[in-house]
Amino acid sequence: MDVVSGVQSPGKLKNGNLIYEQDEKTQQLNVANIVTAFRLKKSSIDHEEVKETDVAVAEHKKLNSVLVFSQYVSYFERGMYLRFLRTNRIAVDATAYLVAGLIIGMIFNDVLLLGVTPSVLYGRNCPGNSDSQCFFPNDFVAARRFGFYNAMALGIVAVSTGTVTFAGQRKLLFWRDASAGASPSAYFFGELTCDMVTVWISSLVYTSIVQLMVPLRGPFLLYWLLWTMSVFVMHGLSYIMAIGILEMGNATIAGVIMSIVLTMFEGFIDLLGNIGAWCYTLWLGRAASNIELLQGYSVATSIPQICRDNPDLTGEDGCYQNQDGETVSFYDFLVGEPHSSPNLAIDFVLLLFFGVLLRSIACLLIHTLNTDKRR
């Protein structure tokens with residue numbers, strides 16, 4: 001059976017290719033037989049014929065769970081086949097992330113995210129017991145805008161590629177399968193599992209290009225995990241757009257606009273960053289600053305006692321104040337209030353939470369929207 005169209009070949013060849021059944025009623029019957037096959041498979045495992053009228057309630061629930069799981073496996077197999085063999089989707093996705101990584105690489109190529117070397121910038125606060133005087137830094141915004149640009153680039157690419165999963169022809173295929181009794185949950189989670197494979201691959205391509213072109217000091221694996229989490233969240237948003245909006249083009253446009261708007265709350269723009277705790281981009285930006293400045297440069301996150309005792313000391317003395325005149329650590333001074341008080345574990349947990357929340361909404365929508373089109 002052809003996994004895309006649902007038609008079945010009688011085994012005849014024409015010019016070396018199988019001839020598929022073109023009768024519409026036969027196609028619909030073949031789709032219905034997919035669901036029926038799951039029941040027959042369960043019956044063969046139990047070595048007895050399953051009759052709905054004879055099974056107990058507990059056995060009925062068990063049968064349904066096996067049925068849904070079998071469908072999930074089939075949808076996963078079909079999804080992987082479509083992505084890696086039947087179509088060039090994985091190549092298209094990887095190319096999109098490659099281009100995005102090249103753009104970020106060109107913007108930050110040969111630019112230290114702290115502007116100058118640590119020995120000059122940190123002085124006595126720098127690891128390695130540097131004897132250089134700690135002068136007020138002249139350029140420290142690169143580390144902040146790095147997270148901002150990555151959030152925007154990944155948001156646009158992720159929502160554009162993720163929309164394909166539940167939009168266009170894929171939506172029509174789901175309506176066809178659901179009309180024959182297929183489980184929406186099995187379809188939804190089967191596609192999610194396939195997408196997670198492509199997300200890891202695409203984010204690996206993106207991370208590799210950025211790491212090659214930008215002089216980053218943060219660990220590769222942490223950046224790969226961070227960019228994967230970013231794509232994970234934005235794919236959840238793209239699913240909502242794809243399921244909630246009928247036209248694939250409109251869903252993509254709406255998703256791109258939303259991703260740009262969300263990037264404004266990343267924290268690079270102080271006015272919006274200060275009210276952006278509800279937005280995933282704020283925590284993405286915090287994690288990016290954390291990985292580079294703490295994991296890469298080991299920037300001091302504590303306030304020296306001499307600075308606490310002498311609030312009049314300035315950056316030339318190794319003491320720093322925020323815009324409100326409060327004495328802060330060198331790390332908090334560099335990243336600003338939206339990204340201050342670093343905690344990488346919390347950043348990653350919240351990114352995971354946003355991704356799961358958006359997928360939960362998408363799962364609810366796929367069960368409740370357009371049910372009239374599945375009959």
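Select helix 6 (169-179) and helix 14 (344-368): each supplies at least two residues to the lining of the largest cavity. Helices (H or I, at least four residues) and strands (E, at least two) are DSSP runs, numbered from the N terminus. This is a predicted model, in which local features need pLDDT of at least 70, side-chain atom pairs count only at pLDDT 80 or more, and totals for chains, interfaces and linings use all residues. Residues are numbered from 1 along each chain as its sequence is written, and side-chain values use heavy atoms, with hydrogens and water left out.

**Stop 1: the cavity**

Now show the lining: Phe166, Lys171, Phe174, Trp175, Tyr187, Ile243, Leu365, Ile366, Leu369, Asn370 and Arg374. A cavity is a set of points, on a 1 Å grid over the protein atoms alone, where a 1.4 Å probe fits but cannot get out; lining residues have an atom within 4 Å of a point. The volume of the largest cavity is about 80 Å³. Grid points are joined across faces, edges and corners, and a volume is the space filled by probe spheres set on the points. The structure has 1 cavity of 30 Å³ or more.

Colour the lining by residue class. There are 8 nonpolar, 1 polar and 2 charged residues. Here Ala, Val, Leu, Ile, Met, Phe, Trp, Tyr, Cys and Pro count as nonpolar, Asp, Glu, Lys and Arg as charged, and the others, Gly among them, as polar. Which element gives the largest share of this lining? Helix 6 does, with 3 residues.

**Stop 2: helix 6**

Stay on helix 6. Of its 11 residues, 8 are buried, so helix 6 is largely enclosed by the rest of the structure. Buried means under 20% relative accessible area, exposed over 50%, and partly exposed in between (1.4 Å probe, protein chains only). Select Arg170, Lys171, Leu173, Phe174, Trp175, Arg176, Asp177 and Ala178 to see the buried residues of helix 6. Then step past the helix to Gly181, which has a positive phi near 105°.

**Stop 3: Asn370**

Return to the cavity lining and pick Asn370, one of its residues. Asn370 sits in the segment after helix 14. Its phi is positive, near 55°, in a residue other than glycine. Is Asn370 buried or exposed? At 19% relative accessibility, Asn370 counts as buried.

**Stop 4: helix 14 and Leu351**

Go back into helix 14 and select Leu351. Leu351 is buried, with a relative accessible area of 0%. Leave aside neighbours within four places in sequence, and Leu351 is in contact with Leu226, Met229, Val233, Tyr280, Trp283 and Leu284. Contact means heavy atoms within 4.5 Å.

**Stop 5: helix 8 against helix 11**

Select helix 8 (residues 220-244) and helix 11 (residues 280-296). Their axes come within 11 Å and cross at roughly 175°. Axes are lines fitted to C-alpha atoms, for helices over the stretch in contact, and angles run from 0 to 180 degrees between N-to-C directions. Helix 8 and helix 11 are therefore roughly antiparallel. Angles under 35 degrees count as roughly parallel, over 145 as roughly antiparallel, 65 to 115 as roughly perpendicular and the rest as oblique.

Show the side chains at this contact. Helix 8 brings Leu222, Tyr223, Leu226, Trp227, Ser230, Val233 and Met234. Helix 11 brings Tyr280, Leu284, Ala287, Ala288, Ile291, Glu292 and Gln295. By class, the contact residues are 11 nonpolar, 2 polar and 1 charged.

Still on helix 8, pick Thr228. Thr228 is buried at 2% relative accessible area. Beyond neighbours within four places in sequence, Thr228 is in contact with Val199, Trp200 and Ser203.

**Stop 6: the pocket**

Move to helix 13 (residues 330-335), which gives the largest share of the lining of the largest pocket, 4 residues. A pocket is an open set of points with protein on both sides within 12 Å along at least five of seven lines. This pocket holds about 400 Å³ of space. Of its 18 lining residues, Asn322, Gln323, Asp332, Gly336 and Glu337 lie nearest its centre. The lining divides into 6 nonpolar, 6 polar and 6 charged residues.

Next, find Ser341 in the loop between helix 13 and helix 14. Ser341 is not a glycine, yet its phi is positive, about 55°.

**Last stop: the whole chain**

Zoom out. The chain has 14 helices and 4 strands. Of its 375 residues, 46% count as buried.
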